[in-house]
Structures are given as structure tokens and as C-alpha cells.
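Hi everyone, thanks for coming. I'd like to walk you through one structure today, so please have a look at it with me.

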Amino acid sequence: SATGGIITAVRVNPGDQVKAGDVLIEISSPEVGSARADVLQRAAALKLAVESLDWEKDICDGLAKLSQAIQDRTPVDRIKQEFKNVTLGKNREQLLSAYSDLLLAKSLVSAAQDNANSGIVPGRLVAERTNNRDNAEAVLLTALESLTYTTNVSRRHAEAAVEDAERRLRISRQSVLTLLGHSDADEHSTSPASDGKTADGKTADVADPESLSLVQLRAPFAGTIERRNFSPSERVAAGDGLLTLADTATLWVAADLREREWGALILKQGDEIVVEPATPGIEPLVARVHFVGREVDPTTNAIPLVAVIDNANGQLRPGMFVRVVVPLAESREALTVPESSVLEHDGKTFVFTPDGDASFHRVDFIPGLHVNGKVEVVSGLYVEQQVVSHGGFYLKSEMLLEGEE
């Protein structure tokens, strides 16, 4: 268990076959519930931040379009009609008011100039109205610059708020993943139930504290439940072993290399070795070296060797004793004869070879290593020479009788 809590349901028993992903145990963990609630809060905060950013972007885009319309001196009535559904925020009233003042000032200047040319009004009035027009235009430009800067700053603040909300959401999700013991980011892992439902098929309600605190421990691989250590309603701590799940299709073979076998240290990862089970009826099997240790155990004065063996047929079981045959030197080609064909007499080693259908003669040779039922031939025999592998004892008896006669 990656987190502490109280077991609410145990879905399997020893001996059950399970598939990868099957729910094995359910735990109620307040710590996980609190972490998941934080995820939901962070997700809501991110949603609000994104909506705020979208609002600020719309305002910036609308303000840019309105500024262009003002620069083109589009009539106010037309602007009001075209920008009726454009998001402008508080900028609409301020800019349209300043723009209307500018248009009014320009019309007054034009009227005053016409009247001044006719001598109806003095030139001083034209100058005053021209000054008012210039002031109105300056106010409008100032408003445009100020509001453009303000909206851009607001948009950047909204972007920063979204980035901060995303970071906080990732941190809270990672906290949930850590509590659940997951190393990879999995969206389902941060939900109240990994599949949206509890093990009894009921839909998990994200507002239900029990659903938030529900932790479903699933089988990481297909196998057999070998042992169960806890029952429902028991409290467990992080790190407690709840179940033993075994997949025996592949097994480890562990052996100790004693000092006299240290020649096998020449083995490398992937090299083949022979494994002879102690159980009668099981033929020797081939395993591949996984690693050979470098440190000598001070208690046993041995170096560990671990190999991987295929057990798809289920012949082997964890805990069985086996004999591991390892090479004590570099492999080399050699001429060999079956161990059953080798005989000895007067300190000499020999074999019988056939002369014809019913006659045999003795051939002495110098033996070497004895390995796996074979004897190395140092000298005295040649390749493809036939030897008697069964019944040699009777031939030896006949030979000894002939010698006495």
C-alpha cells in the first residue's frame, strides 16, 4: 500500500487468478480524499482563470477594433450598431464619450468658421472652439493609449494567473499520484475512482467524501493470489504488504558460487546455464544469467548468481531446490566420448571399438574433464570413431577371461 487508511473491501482470496487491472483491495484514505479535494479546487481555480483570460483577450481584441474605427472617424451611431455585441468592458462608455465630444467640437469649429466668414461671429470664437476641438482630440488619444496599455497589462496578469493555476493543479495532481504510488501521470489516477465507478459498479460522486477517499489497488500484472495479509476494516499503513501476487511464467534461479566455483565468474548477462531440478521427472532446463554478484558474502563465503528461467509449462514452483551447472572455465571445443563407454584396468583408461559385426578390440586413451555425462579425450581416439557405449562391462569380462586362458 502506498498510502495509509482502512480497508473497506477485499475482492480476492488466495488461489484466485486475476488479470492485469483487476481491483484487488479498496481502501478509504482521508489523506487521499483531502488531496483529491485539493485537485478539484485547483481545477476550478484554473477554469476561472481561463475564463478571465478569455475575457481579457476579448476586451483587447474589441478595443483594437474600436480604436481603428475611431481613427477612421466612423460615425458614433454606426459604431454603436457594429460594436453592440463586441466585448469592450468599461472601455465602451469612456471612449464613445470622448469620441462624441471630439466630433461635437469639430462640428462646432466648422460652424463657427462658416459664420466667421459671413461676419456673424467674431474670430475669437473660432479660436476658442478650435482650442476645444484640439483638447477633445488630445483627451481621446490619451484615453486610447491609457486603455490599450491597461487592457494589455490585465491580459498579461490573466495569462500569469492561468500559468500559476496550471502549476498548482499539476502539483496537487502529483501529490495524489505520490499518495497512490503511481510514477507516471495518469489522468484516471487523480479521479475519485480510477474508472469513475466503485468496485460494486456504482458511479462515484466527486462530491461524495467517501468517493474522494476511495483508493482501489489494482493488479499490476496477471497472476495468482498467493497470500492475503489483511481483512476488511483493518487499518493499514503506507508500505504494508497487503497481498502476494505471483506470475510464475518466468522465475528467478538463485545460486551461491563457492570458492571452488569462482571460475564461473566468467559468466556474463545472457549466458546460458543448465538447471537440474531436484524433483524427479523434470528434465534439465536452460536458464539465462541475469547477473553475477561482485561482493562475497562474509557468512557463506559465496558470490550470488541469479538467472532467469522460462516456466510457461508450470513445472517449477517458487522455493524449489535445483542444482545449477556452471562452466568453471572458458568454453572450448573438445573430442568426447560417453561416460558409459569409459572403462579402466591396471590404471589405464580405454574403450571398446567394433571391428565388425561380432568382434571388438580395446583402445586406450588419455581422458580429460568429465562434464555432463561426457569424458574429454586428450589423445588416443579420433573424430567419428565408433565406441561401445552400452555393454562394455561384459566385453571387459570376456577380455579378462581370454587373458587368463
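Let's start with strand β9, where I273, V275 and P277 make up a covered face, while E272, V274 and E276 lie on the uncovered one. In a regular strand, side chains alternate between the two faces of the sheet. Strands here are DSSP runs of E, at least two residues long, numbered from the N terminus.

A word on the source: this is a predicted model, where local features need pLDDT of at least 70, side-chain atom pairs count only at pLDDT 80 or more, and totals for chains, interfaces and linings use all residues. Residues are numbered from 1 along each chain as its sequence is written, and side-chain values use heavy atoms, leaving out hydrogens and water.

Which strands pair with β9? β10 (residues 285-292) is antiparallel to β9 over four bridges, and V275 has L285 as its bridge partner there. Two strands count as paired if DSSP finds at least two bridges between them.

Now for some rings. F350 and F352 form an edge-to-face aromatic pair, 5.6 Å centre to centre with 85 degrees between the planes. Rings of Phe, Tyr and Trp (its six-membered ring) pair with centres within 6.5 Å; planes under 30 degrees apart are stacked, over 60 edge-to-face, and the rest tilted. Both F350 and F352 are buried, meaning under 20% relative accessible area, with exposed over 50% and partly exposed in between (1.4 Å probe, protein chains only). By contrast, F393 is exposed at 56%, and Y394 is exposed at 61%.
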